[in-house]
Amino acid sequence: MSQNSSGAPTLRGTTILCLKKGNDVVIAADGQVSLGNSIMKATARKLRTLSDNKIIAGFAGSTADAFTLFERLEIKLAKHSNQLVRSAVELAKDWRTDKYLRKLEAMLIVADKDNILIVTGNGDVIEPEDNIAAIGSGGLFALSAAKALTSVESKMTAEEIALKSMHIAADICVFSNHNIIIEKVV
């Protein structure tokens, strides 16, 4: 069983995948929350829509920490006229330098119609290649599947690719499940 710095068991695992295909941007998340080797919940909601559904976001890591980051991101978006890149950079700067925030254990994927970003507590704001990003314990599985599907399945929609990729990840990663939720940028 993994433990955090205080020695308490760590909530682990999730799969978050975001991709853009054509004009469609979607984000998908599984619903599993694990504590050590036990499944604590199978229907968690790890996605949020922000700015009247113009921005979508998902998290991996501590739920309370992620909610704190979502609240801070919403404040940044309001301050910077819903400019996602600027708001994400400002959040990452605060997250890295603020004594309280830098202890938060979560990662975010945020996206609007033009940008997909991974935001971390190390001060990283990463724009992935190929318009596909994934985080969490099953993230690399979902990322690999999405890259393969986008290169060979030109008829699949962004939602279909996300769903298929998430199911592939759930088949491989024991910390992910098949309870998939998808949100789309409006």
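Me: What makes β7 and β8 a pair, and how many bridges join them?

Reply: Two strands pair if DSSP finds at least two bridges between them. Strand β7 (residues 55–61) is joined to β8 by six, and the two run antiparallel, so they count as paired. Ile 56, for example, stands opposite Ala 111 in β8. Strands here are DSSP runs of E with at least two residues, helices are runs of H or I with at least four, and both are numbered from the N terminus. This is a predicted model, where local features need pLDDT of at least 70 and side-chain atom pairs pLDDT 80 or more, while totals for chains, interfaces and linings use all residues. Numbering starts from 1 along each chain as its sequence is written, and side-chain values use heavy atoms, without hydrogens or water.

Me: Why is β8 called largely enclosed?

Reply: Buried means under 20% relative accessible area, exposed over 50%, and partly exposed in between (1.4 Å probe, protein chains only). Five of the six residues of β8 (residues 106–111) are buried, so the rest of the structure largely encloses this strand.

Me: What makes a group of residues a nonpolar core, and which members touch the most others in the largest one?

Reply: The members must be buried Ala, Val, Leu, Ile, Met, Phe, Trp, Tyr or Cys, joined through side-chain atoms within 4.5 Å. The largest core has 21 residues, and Leu 69, Leu 108, Val 110 and Val 119 touch the most other members. At least two residues each come from β7, α1 (63–79), α2 (84–97), β8 and β9. Apart from this core lies another, of 17 residues, including Met 156 and Ile 161.

Me: How do you know that α1 has the span expected of a helix?

Reply: The expected span is 1.5 Å times one less than the number of residues. α1 has 17 residues and reaches 24 Å from its first C-alpha to its last, close to the expected 24 Å. Its buried residues include Leu 69, Phe 70 and Leu 73.
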